[in-house]
Amino acid sequence: MSLSFTDHEHCGVVRVDTARLDASIAIQFKDQFRTMTEDCGDVILDLSNVEFIDSSGLGAVVAVYKGLEAGRVMALAGLQPPVQKVMTLTRMNAVFAIFPTLEGALAAAGPTAAE
Amino acid sequence: MAGHAHSHMIGPDSAFHCHFGASTSAVREALIETHDALSSRGIEQDMTETVQIVLAEVLNNVVEHAYGEVEGGPIEMTIWLEPEGLHCEVRDCGIAMPNDELPSGAFPEIDKNNRDSLPEGGFGWAMVLTMVASIAYQREGGMNRLRFQITHP
């Protein structure tokens, strides 16, 4: 399980560098995400390397979003079909701004994008 | 102890069988193995994805609830193809489902305008019940037996 962090002008990008965001790594994901994003403002979670997510992985994504202070937004980028399927099924696709690519998410993240 | 998933396929028309000791990491290995086995047998991608999503919830439920986080309990699964779709059976020797019946599977309420209220769990059974064409649970002789069917999209 590994995450990488890149600081951009208007937000931080957390990329999941593991193919499966599941019950066996959900706790590690939450811990690492929180440490990485302490000081970065808005966050884009880049899921383009993630081929599979289960309900525990989804719960971890929701948990880290809830852990951000009010006013900080989190967008998701690069969802592969099985991940999109789980998001749609659970209606979590209505909660997050979801972008097909990281580039699209970065373009949308500007000084006026944060609500 | 987390056992490595063992499996064998006897022939192109026979069942895929896999058994392992309960742990979330062994579930992950078993799912990867199942995905590869179904893909290599030419099962359509959509059905392979669906069965993997359903099995993840079913198997992690066994690890977390039937065996209550005590690792190593035996889990067996069998998957076979029928004309209408995939049939799966999962067996374990953990504790029974509450009241010896399947949980009801309503999705948790989501209010996207109230971040603190968003659910972090409770999706699993709702996902399973939405994706299967049929499902049956039996408790017999100290064993849980769950059978479900995934039909062609």
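What percentage of the 115 residues in chain A is made up of buried residues? Buried residues come to 47% of the 115 residues in chain A, where buried means that 20 or more other C-beta atoms lie within 10 Å of a residue's own, exposed means 12 or fewer, and partly exposed means in between, with C-beta atoms placed from the backbone.

The model is predicted, so local features need pLDDT of at least 70 and side-chain atom pairs count only at pLDDT 80 or more, while totals for chains, interfaces and linings use all residues. Residues are numbered from 1 along each chain as its sequence is written, and chains are lettered from A and ligands numbered from 1 in the order in which they are written.

**Figure 1. Chain A has four helices and seven strands.** Helices (H or I, at least four residues) and strands (E, at least two) are DSSP runs, numbered from the N terminus. Starting at the N terminus, the order of elements in chain A is β-β-β-α-β-β-α-β-α-β-α. The radius of gyration of chain A is 13 Å, which agrees with the value near 13 Å for a compact globule with 115 residues; this radius is taken over C-alpha atoms, and the globule rule is 2.2 Å times the number of residues to the power 0.38. Along the principal axes, the C-alpha atoms of chain A fill a box of roughly 35 × 25 × 20 Å. Of the contacts in chain A with a separation of 6 or more, 77% are between residues 24 or more positions apart. Two residues are in contact if their C-beta atoms, placed from the backbone, lie within 7 Å.

**Figure 2. Helix H1 (residues 26-36) of chain A crosses H2(A) at roughly 25°.** Two packed helices are described by the angle between their axes and the distance between the axes. The axes of H1(A) and H2(A) come within 9 Å; axes are lines fitted to C-alpha atoms, for helices over the stretch in contact, and angles run from 0 to 180 degrees between N-to-C directions. H1(A) and H2(A) are therefore roughly parallel to each other, since angles under 35 degrees count as roughly parallel, over 145 as roughly antiparallel, 65 to 115 as roughly perpendicular and the rest as oblique. The crossing of H1(A) and H2(A) is right-handed: a crossing is right-handed if the near helix is turned clockwise from the far one by less than a right angle, and left-handed if anticlockwise. Residues of H1(A) that meet H2(A) include A:Phe29 and A:Phe33, and those of H2(A) that meet H1(A) include A:Ala60 and A:Val64. By class, the contact of H1(A) with H2(A) has six nonpolar, four polar and two charged residues. Ala, Val, Leu, Ile, Met, Phe, Trp, Tyr, Cys and Pro count as nonpolar, Asp, Glu, Lys and Arg as charged, and the others, Gly among them, as polar.

**Figure 3. A:Ala109 lies in the segment after helix H4 (102-108) of chain A.** A:Ala109 counts as buried because 25 C-beta neighbours are inside 10 Å. Apart from neighbours within four places in sequence, A:Ala109 is in contact with A:His10, A:Cys11, A:Asp42, A:Ile44 and A:Ala75. From C-alpha to C-alpha, A:Ala109 and A:Val86 are 25 Å apart in space, and they are 23 residues apart in sequence.

**Figure 4. A:Arg91 has a positive phi, near 65°, and is a residue other than glycine.** A:Arg91 is in the loop between H3 and strand E7 (97-99) of chain A. With 14 other C-beta atoms within 10 Å, A:Arg91 is partly exposed.

**Figure 5. Helix H1 (residues 24-40) of chain B packs against helix H2 (residues 45-66) of chain B.** The angle is about 155° and the axes are 10 Å apart, and H1(B) and H2(B) are therefore roughly antiparallel to each other. H1(B) and H2(B) have a right-handed crossing. Among the residues that meet are B:Leu31 and B:Leu38 in H1(B), and B:Leu55 and B:Leu59 in H2(B). The contact of H1(B) with H2(B) has nine nonpolar, seven polar and no charged residues.

**Figure 6. B:Asp100 has a positive phi of about 55° although it is not a glycine.** The loop between strand E4 (85-92) and helix H3 (124-131) of chain B holds B:Asp100. B:Asp100 is exposed, with 11 other C-beta atoms within 10 Å.

**Figure 7. The contact takes 22 residues from chain A and 23 residues from chain B.** On the side of chain A that touches chain B, helix H2 (55-67) and helix H3 (81-89) of chain A each supply at least two residues. H2(A) gives the most to this side, with seven residues. By class, the side of chain A that touches chain B has 11 nonpolar, five polar and six charged residues.
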